[in-house]
Amino acid sequence: MREQLEGGEVDVVTGDYLAELTMLILGMDTLRDAELGYARTFLRQLEDTLGLALDKGARIVSNAGGLNPAGLAGKVRELAARLGLDAKVAHVEGDDLREAGLFEGALTANAYLGGFGIAAALTKGADVVVTGRVTDASLVVGPAVAHHGWTPADHDRLAGAVVAGHVIECGTQATGGNFSGFRSLFAAGMAMDEPLGFPVAEVAADGSSVITKHAGTGGAVTVDTVTAQLLYEIQSTRYLNPDVTTRLDTVRLRQDGPDRVAISGVTGAPPPERLKVAVNTLGGYRNQMEFVLTGLDLDAKAEWVRSQLEGRFTAAEVVWTRTPVRAGDADTEEGASVLLRCIGKDPAPDPLGKPFTGPAVELALASYPGFTMTTPPQKPSPFGVYRPEYVDRSRVAHTVVHHDGTRETIADPTDFLEQSAPDDLDPDLGRRPSPYPAPADTITRRMPLGTFVHARSGDKGGDANLGLWVEHDGSPKYDARVQWLAKLMSPRKVRELVPEAADLDVDVYVLPNLGAVNVVIHGLLGDGVAASTRFRPAGQGPR
């Protein structure tokens with residue numbers, strides 16, 4: 001936060017603290033102490049920077065309120081008083097549906113709110129606005145609405161702000177973090193130990209924007225780094241938000257100078273009639289053990305230890321996985337080893353305590369040669385299960401508590417998305433039809449897809465998304481490569497490239513303006529990041 005305030009001029013500093021997993025963690029906090037439920041690290045940031053923000057006239061907008069925005073707002077006021085600062089603090093609430101009786105057994109149940117509550121708080125003079133579960137992009141939509149005076153009917157402008165908010169919501173993911181083309185940053189002169197700078201969105205009155213960063217900070221803002229974040233955790237070509245439906249297939253990007261990418265052409269439609277709700281329930285408990293297998297006869301060693309243990313476990317579910325054998329002669333012991341993982345899950349903790357780890361420890365001198373484990377026995381830990389739900393807007397009271405204590409209810413929009421809006425998959429192709437003709441016959445050779453195609457993956461509950469786009473390297477072959485990628489990526493090809501998706505539903509969407517396709521693999525992550533037994537439970541391993 002200090003970097004953003006000291007590095008250059010900004011009107012608003014936003015902070016996105018919430019994810020599906022974060023809401024679960026905050027829900028666990030409230031089980032220990034009902035006064036918690038907010039992101040406490042936000043207060044430590046403010047203690048260092050609140051005075052600086054007030055001096056510079058910069059507002060602060062954050063969803064760090066989590067499950068307790070009122071409690072966090074009170075803590076911010078206490079902090080300001082202790083620091084001798086006159087800070088006007090407002091908060092947005094109404095998203096929390098735990099007490100509504102709609103979702104049995106819910107640890108958390110939060111409707112996604114839009115940006116107009118934030119806008120109302122800023123318009124009435126708030127210096128700091130904290131919210132509960134607004135959408136990530138709403139942290140940018142709200143300030144843009146307040147600054148430009150937009151109305152709920154300004155769909156194209158709102159959609160443009162949603163895109164800008166989506167690009168900067170994950171911080172340095174827009175400036176080179178998690179970027180499959182990271183080597184280009186070093187080729188351009190960035191040192192490996194140089195921290196990445198945070199992105200800045202300059203949002204214009206017409207909804208267009210420029211993504212940039214403060215001068216002298218690390219990383220880069222390029223068409224490729226911005227494309228990477230645009231393709232993160234999306235599903236179809238329609239990006240549904242509480243304020244607007246954004247057409248991702250209309251987004252156009254242009255390099256507008258060093259570390260400046262212009263976003264234009266974004267069109268919007270009315271928002272969906274119902275609001276999405278993120279529901280987390282306690283799924284039970286889990287524990288994990290890792291066995292190291294080294295040298296020869298790896299299959300036989302794995303089979304022996306599994307046979308010794310499987311009859312002794314009492315957990316409801318036990319899953320075994322193994323890392324692959326490395327090819328060739330190893331030059332280290334680690335290189336000659338693989339990991340055999342055993343993950344147990346049960347509604348109760350007891351079967352995952354000593355009844356789970358004890359039998360393994362007892363085999364230390366009575367199993368395969370070289371028996372060892374990567375960690376001492378661990379205690380079981382609770383896990384949650386995420387699922388999306390939907391509610392009528394009438395069940396949600398989007399409310400702003402202004403800095404002077406007055407309350408304002410934010411009106412619902414009156415125009416909604418037609419459910420028959422075009423975005424259906426071709427039933428024969430299992431994907432949206434490509435706008436490109438079939439490529440002519442060409443000479444081909446086998447090589448990694450990542451040679452000229454970038455990737456960014458993410459998770460939406462149990463679904464994984466994989467965005468693929470052709471590198472914007474100025475190559476004369478760019479258009480041909482985009483056409484090739486769009487024709488290549490079918491559900492059948494995805495299942496070939498991702499064998500674990502062999503029995504899963506796969507959707508493929510073409511985003512021609514971005515030279516990209518977005519792949520959604522349904523159910524790849526099981527019950528979501530907190531409950532998944534996959535090696536990468538969040539699905540983030542693009543290249």
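**Close-up views of salt bridges and helix contacts**

**View 1. Glu 310 and Arg 306 form a salt bridge, with their closest N and O atoms 3.0 Å apart.** A salt bridge here is a side-chain nitrogen of Lys or Arg within 4 Å of a carboxyl oxygen of Asp or Glu. The model is predicted: local features need pLDDT of at least 70, side-chain atom pairs count only at pLDDT 80 or more, and totals for chains, interfaces and linings use all residues. Residues are numbered from 1 along each chain as its sequence is written, and side-chain values use heavy atoms, leaving out hydrogens and water. Because Glu 310 and Arg 306 lie four residues apart in helix H10, about one helical turn separates them. Helices (H or I, at least four residues) and strands (E, at least two) are DSSP runs numbered from the N terminus. Glu 310 is partly exposed at 39% relative accessible area, and Arg 306 is partly exposed at 31%. Buried means under 20% relative accessible area, exposed over 50%, and partly exposed in between (1.4 Å probe, protein chains only).

**View 2. Arg 312 and Glu 362 meet in a salt bridge through their side chains (3.0 Å, N to O).** The pair links distant parts of the chain, 50 residues apart: Arg 312 is in the loop between H10 and strand S14 (317–322), and Glu 362 is in the loop between H11 and strand S16 (381–392). Arg 312 is partly exposed, with a relative accessible area of 42%, whereas Glu 362 is exposed, at 53%.

**View 3. Arg 260 forms a salt bridge with Glu 202, the closest N and O atoms lying 2.9 Å apart.** Arg 260 sits in the loop between strand S10 (252–255) and strand S11 (261–264), and Glu 202 in strand S6 (residues 199–203); this pair, 58 residues apart, links distant parts of the chain. Arg 260 is partly exposed, with a relative accessible area of 25%. Glu 202 is also partly exposed, at 37% relative accessibility.

**View 4. Salt bridges link Arg 2, Glu 6 and Asp 48 in a network.** The structure holds 23 salt bridges.

**View 5. Helix H11 (residues 354–361) has buried residues Phe 356, Thr 357, Gly 358, Pro 359 and Ala 360.** The buried residues of H11 pack against strand S13 (274–294), helix H10 (298–310) and strand S15 (337–346). Contact means heavy atoms within 4.5 Å.
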